[in-house]
Amino acid sequence: MSWNLEVTSGVPQRTVLGPCLFLYYINDISEGLSSTVRLFADDTMIYMVVRNDRDAEALQKDLDLLCEWEFKWMMEFHPDKCEILSITRKKSPVIPVYPYQIHWQQLKHSDYAKYLGVNISKDMHWNKHIDMITAKANSRLGFVKRNVNISSCAVKEQAYKSLVRPILEYSQTVWDLYTSSETQQLESVQRRAARFTLKRYHRTSSVSAVLAELNWEPLASRCYAARLVFFYKIHYQLVAINMPLELKHHPGPTRNENSLAYHIPVTSVDYQKNSFFFRTVRDWNHLPEEVVHTSTPESFKTYILP
């Protein structure tokens, strides 16, 4: 007996072509919107700068257009799974809490939101994100300790590097830390992992000596290298991110800067001075001339790894 069922919407699941068909299916979701739209699989985010009531109303209009798109293609958004994150560092925001709605249901305003594994707060502080990833990493390290109950240091080291450390380094170029307290919070996980790997828990054993014996570079040093490699890819247009800075156009390398140095905008705000571009370009400008002119990201990375 055969069954013929009419499929009115959606794409077939558990197929090779399913993901591609889904992307084709939702590809026109951003048409007609004044907001910026970011799509990743079935995760959609829209955002815009809201300076006044008119901007807030424009954002609400975009939400209404999304609802029309949803009705047209027989899909359904769940307002309970949607949230509003208003990012500002002003004590008195220009716009108060605006009652954005989907399906006549008011969306909740959150102090922070998780997007693609990164916890973004309304004031762009990373405390919440650091707390969550260190808690997750410590939990994963506890799992490793309970289940890798062997004497092989090599196996325990591999377990840490493959199961725990990626949690601490995921998207690190976005939230790279500059305060000593948050840096130490991350490093404490690696220090516990080092003691576990060599099984040295005595108070008299130096953790620094253990890390040196294992040849584990600090997480901060690894992040420094990751930031510069990512900046290298942006400079040579290997990733789809526009460069917001301008080259200084030196005719040749100077005593302190290479020929591909960038202008560093003047700012007195700490969080801006320590943001990705501001912070990384300071390191990039002082790299040796032969390093910034390397032909591949891999060769560039070998120069800057500690």
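In what hand of crossing does α3 pass α4? The crossing is right-handed, meaning that the near helix is turned clockwise from the far one by less than a right angle. This is a predicted model, in which local features need pLDDT of at least 70, side-chain atom pairs count only at pLDDT 80 or more, and totals for chains, interfaces and linings use all residues. Residues are numbered from 1 along each chain as its sequence is written, and side-chain values use heavy atoms, without hydrogens and water.

Start with the helix pair. α3 and α4 pack at about 165°, their axes 8 Å apart. The angle therefore makes α3 roughly antiparallel to α4, a label for angles over 145 degrees. On α3, the contact (heavy atoms within 4.5 Å) is made by Ile 133, Lys 136, Ala 137, Arg 140, Leu 141 and Val 144. On α4, Ala 159, Leu 163, Val 164, Ile 167 and Leu 168 take part. Beyond its neighbours within four places in sequence, Val 164 touches residues including Val 189.

Now the interior. A nonpolar core is a set of buried (under 20% relative accessible area, 1.4 Å probe, protein chains only) Ala, Val, Leu, Ile, Met, Phe, Trp, Tyr and Cys residues joined through side-chain atoms within 4.5 Å. The largest has 27 residues, and Val 164 and Leu 168 are among those with the most contacts inside it. α3, α4, α6 (180–198) and α7 (207–214) each give two or more residues. α6 gives the most, with 6. A second, separate core of 18 residues includes Phe 231 and Trp 284.

How values were computed: Buried < 20%, exposed > 50% of the residue type's maximum accessible area, 1.4 Å probe, protein only. Helix = DSSP H or I, 4+ residues; strand = E, 2+ residues; numbered from the N terminus. Axes fitted to C-alpha atoms, helices over the stretch in contact; angles between N-to-C directions. Parallel < 35°, antiparallel > 145°, perpendicular 65-115°, else oblique.
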